[in-house]
Structure formats: C-alpha cells, structure tokens
Amino acid sequence: MSSATLTGPIVVAPHHFPGLAREEATAKQFGVELIATPDKGAFAAAIVGAEIVMITPYAKLAAEDFARMTRCKGVIRYGMGYDNIDTEAAAKANIPVSIVPGTANEEVASHALAMGLALVRRLPQGHRAIADGGWNGAIGLDTPKLSKLVVGVVGVGRIGRMLAGYWRALGAEVRGYDPFADLSTVEGITPVSLDEALVDSDVVSLHVPLNAETRNLVSAEVLDRMRPHAVLVNVSRGGLIDEQALAEALHQGKLAGAALDVFSDEPLPADHPLRTAPSTLLTPHIAWRSDRSLDALQEGAVLRLQKALMGEQMPDLV
C-alpha cells in the first residue's frame with residue numbers, strides 16, 4: 001500500500017491525549033485526511049470509510065465492525081493490550097492489527113510495586129481509620145515483614161520480571177507463574193503452579209493478557225482459598241478478576257486488601273461495588289503514565305502509521 005492508493009481517511013478513536021500533532025503531521029505529509037472522533041458513536045460511524053484505524057482503550061472493534069470496514073488496510077492499537085479488538089474477525093477480514101508494546105514497562109511495574117507496598121503496609125486501612133475519626137486499633141498487626149513476604153507474580157514477561165526485581169531488592173521471596181516462559185533460567189524467581197501463585201502468596205500481582213483462558217482468573221473460588229492476610233494487585237487488564245466476588249470478599253474480610261488500576265468496565269460505573277469495598281486502592285487506568293510515556297506511546301503508533309502509509313509491514317502484529 002502507498003499513500004497514492006488511499007481513498008479514505010485515517011480515523012483515530014476517542015482519546016485523552018493532549019493533542020495529535022504527530023498524527024496530524026504524518027497525515028499531512030502523506031496527503032490524507034485524519035479524523036479524530038470525539039466519542040464512540042462518531043468512531044463507529046467513521047470507521048466505515050476508514051483506510052487506517054488508530055484505536056485507544058476508549059473504543060472497541062467487534063466482529064460486526066470489521067464486517068463494515070471494507071476499505072480498512074490496518075488497525076493500530078495505542079498500547080500493548082488488544083482485548084478491545086476482535087482479532088479473529090480482523091484476521092478473517094485480512095486486516096492487520098499492530099500493537100505498541102514496551103513504552104511504559106517501568107511505569108507499570110513501579111505502579112504495581114507502589115500499590116502492593118501500600119496494601120502490605122495497610123495504608124488504605126490507616127487512612128480510612130483517621131478519615132472516620134478513629135485511630136489505629138489492630139491495623140497492621142497482621143502485616144508480614146518484607147523480608148518474610150511471599151510475592152506471587154502471575155505473568156512473568158517484561159513488566160512481571162521488572163516487578164520481581166523490585167520486590168527482591170526489598171527482601172521478599174518472589175514466586176512466578178508463566179506458561180510461556182522458562183522460569184528455571186530466571187534468577188531470583190521460584191517457578192510455581194498457577195494455583196500456588198494465587199493461593200499461597202502474601203501479595204498476588206497480575207500481569208497477563210485478557211483472553212478466554214484468563215477471564216475471571218481470580219474467581220470467587222480462588223478468593224475463598226487465598227491467604228486471609230493476602231493482598232491482590234491488578235495493573236494488567238480488567239476482567240482478570242471477578243469484581244463482584246472480590247467486593248464481597250473484601251466486605252467479608254477474606255482479604256487484607258486489593259489494588260486495581262484496570263476494570264472490566266471503564267470508566268468505573270458510579271454504582272460499582274468496588275467503590276464502597278473496604279481496604280481498596282483504586283486508580284483510573286494510569287499505571288502506564290509518566291512525563292515520558294505518552295510521547296513514547298504516540299511516537300510508536302505514528303511509526304506504525306508511517307510504515308502502513310509507505311506500504312510496509314507494520315511491526316508487532318497480533
């Protein structure tokens with residue numbers, strides 16, 4: 001594909017970026033129109049005529065969308081996760097999907113560490129005690145020392161390995177589960193089964209993609225079997241945890257806490273049960289953010305856009 005063959009625009013999904021200067025400059029360079037859609041409705045309408053779609057987490061591409069995208073030559077996903085894209089439908093439609101991985105590994109790993117430490121040291125409980133007019137009570141008496149802490153990292157890719165290094169530096173024992181990695185060759189991580197990582201750890205940190213196998217990975221049954229003083233961290237993908245079951249477990253005191261940056265439905269609905277669950281630390285899908293990560297993300301997406309416009313294969317196809 002070359003720019004001369006394009007008869008439709010580049011369509012950008014709803015986003016929270018400060019601007020699209022890089023994307024607009026590339027579109028101008030190749031003489032094509034760029035449409036930045038303001039909402040999901042406008043996005044759904046614009047993709048019908050799009051030749052390239054640049055999608056954020058704030059929109060979805062389902063099978064019926066790909067059936068309507070008869071002009072589309074490629075989809076670019078800002079970021080690494082693509083659970084909001086029906087990749088099987090994309091493959092059937094012969095539309096390549098490119099992701100932008102690795103732009104915020106350090107940010108996500110450090111966010112997971114910060115969340116885990118806050119929960120281990122019972123910071124949400126301490127904050128709530130003072131906010132409610134009380135004092136310390138029994139808060140923190142069940143907290144393991146860092147040097148005695150067992151951390152279960154579920155998914156030991158680039159982010160999981162970085163997080164494991166952080167926890168080891170603090171003196172914790174790190175156990176890892178990853179069906180696609182040979183952890184016997186990774187220094188400082190003890191390979192364990194998925195069940196061991198989930199139910200025999202003081203901290204469980206999730207770093208896996210969302211798919212049919214991992215949806216509700218942390219189920220009500222798993223929550224019932226986790227250590228009673230354990231804490232759960234998810235900075236990976238909403239949908240990995242049965243959120244209703246988690247809220248109930250927290251209300252019943254089955255866990256010491258949970259910290260989530262991602263949710264099944266985003267933005268988090270006003271009546272979501274986790275909003276009122278005790279011992280929680282919730283952040284609005286910001287683990288990837290820093291003063292450099294946004295530039296890196298947009299630069300990576302534009303690089304893929306340029307390759308597509310020049311008729312070259314985009315990297316990191318799924």
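Select leucine 223 to start, which sits in helix H9 (residues 220-225), where helices (H or I, at least four residues) and strands (E, at least two) are DSSP runs numbered from the N terminus. The model is a predicted one, in which local features need pLDDT of at least 70 and side-chain atom pairs count only at pLDDT 80 or more, while totals for chains, interfaces and linings use all residues. Residues are numbered from 1 along each chain as its sequence is written, and side-chain values use heavy atoms, with hydrogens and water left out.

Leucine 223 counts as buried because its relative accessibility is 2%, the cut-off being under 20% relative accessible area with a 1.4 Å probe and protein chains only. Next, show its contacts (heavy atoms within 4.5 Å): beyond the neighbours within four places in sequence, leucine 223 touches Val218, Leu232, Ala245, Leu246, Ala249 and Leu255.

Now display the open sheet, whose seven strands follow the order E8-E7-E6-E9-E10-E11-E12 with parallel pairing; two strands pair if DSSP finds at least two bridges between them. Strand E8 (190-191) and strand E12 (280-282) form the edges, each pairing on one side only. Zoom in on E11 (residues 257-260), which is joined to the parallel E12 by three bridges, and pick alanine 258, whose bridge partner in E12 is threonine 280.

Helix H6 (123-131) and E12 each supply at least two lining residues, and H6 gives the most, with three.

How values were computed: Buried means under 20% relative accessible area, exposed over 50%, partly exposed in between (1.4 Å probe, protein chains only).
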